[in-house]
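Visitor: I have a structure open and would like to learn how to read it. Please take me through it feature by feature.

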Amino acid sequence: MTIRHFRIIFGVFIGLSFLLDSEQNVAQAEGRQLEAESAVVTSHSTTVRGKKFSYKATAGTQPVWDKNGKVIASLFYVYYERDNIKSRENRPLLISFNGGPGSASVWMHIAYTGPRILKVDDEGYPVQPYGVRENPYSILDVADIVYVNPVNTGYSRMIDAADDDKDGDKMSEKDKRALFFGVNADIKYLAEWLNTFVTRNNRWLSPKYLIGESYGTTRVAGLALELQNAQWMYLNGVILVSPTGLGIGREGPVQAANRLPYFTAAAWYQKSLDATLQQQDLADILPGAEDFAVNELMPALVRGGFIDPAEKQRVAEKMAYYSGLSVQAVLQNNLDVPSRYFWKELLRDKSLTVGRLDSRYLGIDKKDAGDSPDYNAELTSWLHSFTPAINYYLREKLGYETDIKYNMFGDVRPWDRDNNKTGENLRLAMAANPFLKVMIQSGYYDGATNYFDAKYTMWQLDPAGRMKDRLRFEGYRSGHMMYLRREDLEKANNHIRQFIVSATPTKGQPAKY
């Protein structure tokens, strides 16, 4: 692989003159400096689905401005462009966000869609020595990709120029953080940043797609409408990976019943189900669990303490059958078994817990007693493989050198979650834009954002059902980051590839219902 490094430091141009001095052009973090604007360009080649091609990677920072033209933050991004493309006008652009909400874009960048992925075994478990390798399933063959890190994630940081408000008075730390750290503040400044990025890179004519994982799904669902209404930028597709609730209510009996199909999947993987279920394939037993959850468990939960005792016993026995738990454990929880209790209880007799984000992973607690695990076994495993991989890759392969710490998870608390209407915003965006399609991807063993909640979100996103032909669900035999498992890495990338092709209209196709 031949690598060419270019270091480009841009001035910040406001109006007709450069108004910012060096202190305002630099983000202060951990006592170190980060340029508000920078770019390092490198050339690479890769092989995807048996075809070799070259591509360009740009690792850099781009400012966030306030309404007065002051730089208030700098966002780190990595942008991949396939070489030898005749026209970028028809070349799709995929814009990628992870979640948290304080998480860097590392996860999907070096484990899912990017041209390089970290070294793990075929089931997604970490191996040593750490490092990265080619991703034979990357979607870079069909779309260019930019991975964006919101403020305080990755190398992205606030900048001291945010100290002053519009009247020149000193802003409080709380007010500065409120510019970035909340459902709607996050969406607003990121939409402005994307407008600048698309303009600078001449991508206005390109079909554009957003992909978000976990809290990133809240982010991209809200961005779909914000980009339309505030930036006049219309999308072709939104991909929701392990989605949150998007502000769509599912409290009480709905929330409790929706957990059951995930319990079934996790128990099946851990070989904890009744023999009559365990001997069947997962795909064959999940429909029965889903039907029981909606048509029997949910009505029983609605009746609460006034349910007939015999009916409660019958439902408890069937819930135990589908969850791998004992009837006693189900009844002690009044049919409403919390996920944390399930992670502790399922393998309690073996002195093991199961993972929250991926219930294939096992943990060891100090005590067998208790109602929740001591720690998240899967997250600990992921961090010790992802962290060295991304720090090595950015510096050694992409040539981006800085002493700023790469925040896998950044300080974004408190996060303002009020007025979360991102699900409704996505529906409105779809209603106003006939080209816009949505795909949901979920892992069956994800206990944090479980797959049946994701299905429920999809069903409720458009309750009238008029746009259901533009909504698609795909499930995988893995957890929150389903792409860590090699079989699902291939399958999930192929689903994205198919989705992009299907959502990119043919030349001259009109936008109408």
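Visitor: Which residues line the largest cavity?

Guide: First, the ground rules. This is a predicted model, in which local features need pLDDT of at least 70 and side-chain atom pairs count only at pLDDT 80 or more, while totals for chains, interfaces and linings use all residues. Residues are numbered from 1 along each chain as its sequence is written, and side-chain values use heavy atoms, with hydrogens and water left out.

Guide: Now the general idea. Rolling a probe the size of a water molecule over the atoms shows where empty space is left. On a 1 Å grid over the protein atoms alone, a cavity is a set of points where a 1.4 Å probe fits but cannot get out; a pocket is an open set with protein on both sides within 12 Å along at least five of seven lines; lining residues have an atom within 4 Å of a point. Here the largest cavity is lined by Ala 111, Ile 117, Leu 118, Val 120, Asp 121, Asp 122, Arg 133, Tyr 483, Leu 484, Arg 486 and Leu 489.

Visitor: What is the volume of the largest cavity?

Guide: A volume is the space filled by probe spheres set on the points, with grid points joined across faces, edges and corners. For the largest cavity that is about 80 Å³. The second largest cavity holds about 40 Å³. Its lining is Lys 344, Arg 348, Ser 351, Leu 352, Thr 353, Asp 365 and Asp 368.

Visitor: How do the residues of the lining of the largest pocket divide by class?

Guide: Ala, Val, Leu, Ile, Met, Phe, Trp, Tyr, Cys and Pro count as nonpolar, Asp, Glu, Lys and Arg as charged, and the others, Gly among them, as polar. The lining of the largest pocket has 13 nonpolar, 16 polar and 6 charged residues. The space in this pocket is about 790 Å³. Of its 35 lining residues, Ser 214, Thr 244, Arg 356, Ala 448 and Thr 449 lie nearest the centre.

Visitor: Which residues have the most contacts inside the largest nonpolar core?

Guide: A nonpolar core is a set of buried Ala, Val, Leu, Ile, Met, Phe, Trp, Tyr and Cys residues joined through side-chain atoms within 4.5 Å. Buried means under 20% relative accessible area, exposed over 50%, partly exposed in between (1.4 Å probe, protein chains only). The largest core has 96 residues, and Phe 180, Leu 223, Val 238, Leu 260, Leu 297, Phe 342 and Leu 426 have the most contacts inside it. A second, separate core of 60 residues includes Val 241, Ile 390, Tyr 400 and Tyr 483.

Visitor: How many salt bridges does the structure hold?

Guide: A salt bridge is a side-chain nitrogen of Lys or Arg within 4 Å of a carboxyl oxygen of Asp or Glu. The structure holds 28. Take Arg 91 and Asp 144, which meet at 3.0 Å, N to O. Arg 91 lies in the loop between β6 (71–82) and β7 (93–97) and Asp 144 in strand β10 (residues 144–148), so the pair ties together parts that are 53 residues apart in sequence. Helices (H or I, at least four residues) and strands (E, at least two) are DSSP runs, numbered from the N terminus.

Visitor: Are Arg 91 and Asp 144 buried or exposed?

Guide: Both are buried. Now compare Arg 427 and Glu 424, bridged at 2.9 Å between the closest N and O atoms. They lie in helix α12 (residues 422–432), 3 residues apart, about one turn of the helix. Arg 427 is partly exposed, at 23% relative accessible area. Glu 424 is partly exposed too, at 36%.
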